[in-house]
Amino acid sequence: MATVSEIMRHSLPMLTQNMSISEALDRMLESGLSGLPVVDSQRRIIGFLSEQDCIPKLINASYHCDNRILVSDVMRHDPLTVTPDTDVFELARTMGGPKPKLYPVVEGKKVIGMVTRHQVMSFLNNQLKTCLATY
């Protein structure tokens with residue numbers, strides 16, 4: 001069984017709930033990810049901020065030049081997560097539906113990485129190539 005721990009991204013920036021939305025977006029854009037986990041001082045997950053969550057607030061804030069919006073004003077407070085032991089095929093089935101494109105990987109409640117749909121697709125494609133090579 002292939003697990004998320006084999007394909008996940010280990011290093012990524014984290015956000016805090018008191019961070020300005022502008023600073024959070026800078027980190028998100030620099031990371032190349034469409035969302036990032038929001039953590040407390042012990043790296044325990046308390047939320048998730050995605051590009052999709054930000055757009056509605058950004059429209060109004062950028063029009064009125066209002067940079068008082070904090071991550072806590074926009075983040076999801078009930079983020080979906082996976083563990084390092086999550087089966088990649090099960091995650092792929094979930095990602096095939098209307099679920100998110102990326103998931104924080106948590107051990108206990110601490111964020112240890114991120115797994116994206118791109119990583120899952122790459123894994124599945126490599127599996128397929130391995131199968132084809134044996135025929």
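First a term: buried means under 20% relative accessible area, exposed means over 50%, and partly exposed is in between, with a 1.4 Å probe and protein chains only. A second term: helices (H or I, at least four residues) and strands (E, at least two) are DSSP runs, numbered from the N terminus.

Now the background. This is a predicted model, in which local features need pLDDT of at least 70 and side-chain atom pairs count only at pLDDT 80 or more, while totals for chains, interfaces and linings use all residues. Residues are numbered from 1 along each chain as its sequence is written, and side-chain values use heavy atoms, with hydrogens and water left out.

The overall picture next. The chain has five helices and four strands. Read from the N terminus, the order is α-β-β-α-α-α-β-β-α. The C-alpha trace spans about 60 × 30 × 25 Å along its principal axes. There are 135 residues, and 40% of them count as buried. The accessible surface, from the Shrake-Rupley method with a 1.4 Å probe and, for residues, only the protein chains shown as cover, comes to about 8,200 Å². Carbon and sulfur atoms account for 53% of that surface.

A contact means heavy atoms within 4.5 Å. Of the contacts in the chain with a separation of 6 or more, 59% are between residues 24 or more positions apart.

Let us go to the strands. Two strands pair if DSSP finds at least two bridges between them. Strands β1 (35–39) and β2 (45–50) pair in the antiparallel sense over five bridges.

The hairpin of β1 and β2 has five residues between the strands. Arg43 is in that loop, and its phi is near 65°, a positive value in a residue other than glycine. Arg43 counts as partly exposed because its relative accessible area is 39%.

The other pair is β3 and β4. Strand β3 covers residues 102–107, and five of its six residues are buried. Six bridges join β3 to β4 (residues 110–116), and the two run antiparallel. Val106 stands opposite Val111 in β4. This hairpin has two residues between the strands, and Gly108 takes a positive phi near 70° there.

Start with Leu15, in the segment before α1 (21–31). Is Leu15 buried or exposed? Leu15 counts as buried because its relative accessibility is 0%. Leaving out residues up to four places away in sequence, Leu15 touches Ala24, Arg27, Leu36, Pro37, Val38, Val39 and Leu49. Among these, Arg27 is 12 residues from Leu15 in sequence and 8.1 Å away in space, C-alpha to C-alpha.

Next is Gln119, in helix α5 (residues 117–133). Gln119 counts as buried because its relative accessibility is 18%. What does Gln119 touch, not counting residues up to four places away in sequence? The list is Ile7, Met8, Arg9 and Met114. With Ile7 there is a specific distance to report: a polar atom of the Gln119 side chain lies 3.0 Å from the backbone oxygen of Ile7.

The last one is Arg68, in the loop between α2 (51–63) and α3 (71–74). Arg68 counts as exposed because its relative accessibility is 68%. Arg68 and Ser22 are 46 residues apart in sequence, and their C-alpha atoms are 9.2 Å apart in space.

To finish, go back to the two hairpins on your screen: five residues lie between β1 and β2, and two lie between β3 and β4.

Terms used:
Polar contact = N/O pair within 3.5 Å; in protein donor to acceptor, adjacent residues only side chain to side chain.
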